Amino acid sequence: MRKKIVAGNWKLNKTYEEALSLVSEIENMVKDEVNGDVTVIVSPPFPYLQSVGKLVQGNSKMHLAAQNVSEHDSGAYTGEVSAAMLKSVGVEYVIIGHSERRLYHHEDAQTLYKKLKAAIANGMKPIFCCGEPLEERDAERHFEYVGKQLHDSLSYLSNEEFDQVVVAYEPIWAIGTGRTASSQQAQEMHEYIREQLSRMFDAAAAHNTSILYGGSCNPGNAQELFSQADVDGGLIGGASLKSRDFTDIIKSF
Ligand code: PGA
């Protein structure tokens with residue numbers, strides 16, 4: 001069965017001390033308040049991964065993600081971090097294809113495919129992000145746009161490789177804007193994504209894939225979003241930087 005997942009994407013935020021306080025608070029709240037079967041993921045910036053990982057390793061609900069990974073295994077790629085390096089410090093998940101990386105770092109579909117392969121080959125689970133910009137939504141081309149993103153990066157994976165993938169639908173117009181997709185908009189896109197996945201892979205794999213919603217998800221709207229049939233949790237930006245808000249989102253299933 002597919003997992004319920006709430007993943008916090010810390011982006012370019014927090015100093016080392018702040019990151020350790022945040023994760024300690026989250027870990028305590030999850031231990032004291034979260035009863036259900038939820039996978040909680042935190043993704044701090046690279047330099048804090050190992051320390052944050054140590055603070056969550058005793059909590060079976062909590063897992064560690066990186067925000068990016070190199071498509072290369074090793075070599076002369078200054079500033080890059082490989083999948084094997086991440087794995088060696090205890091990283092279990094890696095966010096791939098976030099719209100901010102597609103936009104600011106020009107990551108194209110083929111690069112994302114290579115990153116997916118590298119992560120999976122090294123025993124990590126990719127959280128593959130997709131989502132349309134506002135002009136595509138306004139032009140009613142959002143389904144085609146997202147379908148193409150899925151096809152262009154995921155369809156070359158084998159069924160076994162795809163089994164490791166979590167998908168996150170993040171409409172760009174909802175990221176960090178305070179404007180959330182309605183639960184109906186989220187559900188219809190998630191259903192469409194699952195249907196596309198069932199064409200690319202076997203139906204059971206598509207059925208078992210967790211599809212997360214991201215984009216201004218907060219304690220006030222999470223319950224409504226997570227109650228949708230094809231919404232299996234959230235990828236949380238801003239609200240993941242506050243332990244109380246993040247925990248309340250986790251408790252929204
Ligand atoms: P947001 O970001 O929750 O701040 O909108 C979500 C994301 O970019 O993953």
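Reply: Happy to! Let's start with Lys251, which is partly exposed because its relative accessibility is 39%; here buried means under 20% relative accessible area, exposed over 50%, and partly exposed in between (1.4 Å probe, protein chains only). The side chain of Lys251 meets that of Glu33 in a salt bridge, 2.8 Å from N to O. That term stands for a side-chain nitrogen of Lys or Arg within 4 Å of a carboxyl oxygen of Asp or Glu. The two partners are 218 residues apart, with Lys251 in the segment after helix H12 (243–250) and Glu33 in helix H1 (residues 16–33). Helices (H or I, at least four residues) and strands (E, at least two) are DSSP runs, numbered from the N terminus. Glu33 is partly exposed too, at 24%.

Please keep in mind that this is a predicted model, where local features need pLDDT of at least 70 and side-chain atom pairs count only at pLDDT 80 or more, while totals for chains, interfaces and linings use all residues. Residues are numbered from 1 along each chain as its sequence is written, and side-chain values use heavy atoms, leaving out hydrogens and water.

Another bridge joins Asp230 and Arg2, at 3.8 Å from N to O. Asp230 lies in the loop between helix H11 (222–226) and strand S8 (233–236), and Arg2 in the segment before strand S1 (4–9). Asp230 is buried at 10%, and Arg2 is buried at 18%.

Arg137 and Glu132 pair as well, their closest N and O atoms 2.9 Å apart. Shared partners also join Arg2, Arg194, Asp230 and Asp232 into one network of salt bridges. Across the whole structure, the search finds 16 salt bridges.
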